[in-house]
Amino acid sequence: MPNVHLTEPMQKYVQAQIESGAYANLSEVVRAGVRMLMEKDGARQFYALKADLEETATLAENGDFAEFDAQAFEPDAFDR
């Protein structure tokens, strides 16, 4: 894994977090930051999906849709 290079203000912040007892070491601080980024990214994906669904629902409510033909979409599923 590559080394972590922090700006001086970041180094001071991390050191203060460690000294306060919030984190035991730099690795814990970095892991917490990565977890936050992962959560934020998950939230971003959720809201993007939500916006897509809302737009699609609006289009459907306005009659802008095509009937779905399951058999045409997956004919092998109906051959049983």
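Q: Let's start with a side chain: is methionine 38 buried or exposed?
A: Methionine 38 is exposed, at a relative accessible area of 58%. Keep in mind that this is a predicted model.

Q: Where is methionine 38 placed?
A: Methionine 38 sits in helix H2, which covers residues 26–61.

Q: And which residues make a nonpolar surface patch?
A: Met38 is one of them, together with Val4, Leu26, Val30 and Val34. The patch has an area of about 400 Å².

Q: Back to H2: how far apart are its end C-alpha atoms?
A: They are 52 Å apart. H2 has 36 residues, so at 1.5 Å a residue it should span 52 Å, and the two values agree.

Q: What caps the N-terminal end of H2?
A: Asparagine 25 does, with a side-chain oxygen 3.1 Å from the backbone nitrogen of serine 27. After H2 comes glycine 63, with a positive phi near 85°.

Q: What about H1, how many residues does it have?
A: H1 has 12 residues, 8–19, and reaches 16 Å between its first and last C-alpha, close to the 16 Å expected. Glycine 21 follows H1, and its phi is positive too, near 90°.

Q: Switching to charges, how many salt bridges are there?
A: The count is 3. Side chains of opposite charge can pair when their charged atoms come close.

Q: Which residue does glutamate 8 pair with?
A: Glutamate 8 pairs with lysine 12, the closest N and O atoms being 3.3 Å apart. Both lie in H1, 4 residues apart, about one turn of the helix. Glutamate 8 is exposed at 52%, and lysine 12 is exposed at 55%.

Q: And which residue forms a salt bridge with aspartate 41?
A: That is arginine 44, with the closest N and O atoms 3.1 Å apart. Aspartate 41 is partly exposed at 34%, as is arginine 44 at 49%.

Q: What does lysine 50 bridge to?
A: Lysine 50 bridges to glutamate 54, at 3.1 Å between the closest N and O atoms. They are 4 residues apart in H2, so about one helical turn separates them.

Q: Zooming out, how many helices and strands are there?
A: There are 3 helices and 0 strands.

Q: What is the radius of gyration?
A: The protein has 24 Å, whereas a compact globule of 80 residues would have one near 12 Å. The C-alpha trace spans about 65 × 35 × 20 Å along its principal axes, and buried residues make up 5% of the 80.

Note on methods:
Residues numbered from 1 in each chain as written. Predicted model: local features only at pLDDT ≥ 70, side-chain atom pairs only at ≥ 80, totals over all residues. Heavy atoms only, no water. Patch = residues over 30% accessible without salt bridge, like charges linked within 9 Å, V, L, I, M, F, W, Y side chains within 5 Å. Areas by Shrake-Rupley, 256 points an atom, 1.4 Å probe, with all protein chains shown as cover. Salt bridge = Lys/Arg side-chain N within 4 Å of Asp/Glu carboxyl O. Helix = DSSP H or I, 4+ residues; strand = E, 2+ residues; numbered from the N terminus. Buried < 20%, exposed > 50% of the residue type's maximum accessible area, 1.4 Å probe, protein only. Expected span 1.5 Å × (residues − 1). Polar contact = N/O pair within 3.5 Å; in protein donor to acceptor, adjacent residues only side chain to side chain. Rg over C-alpha atoms; globule rule 2.2 N^0.38 Å.
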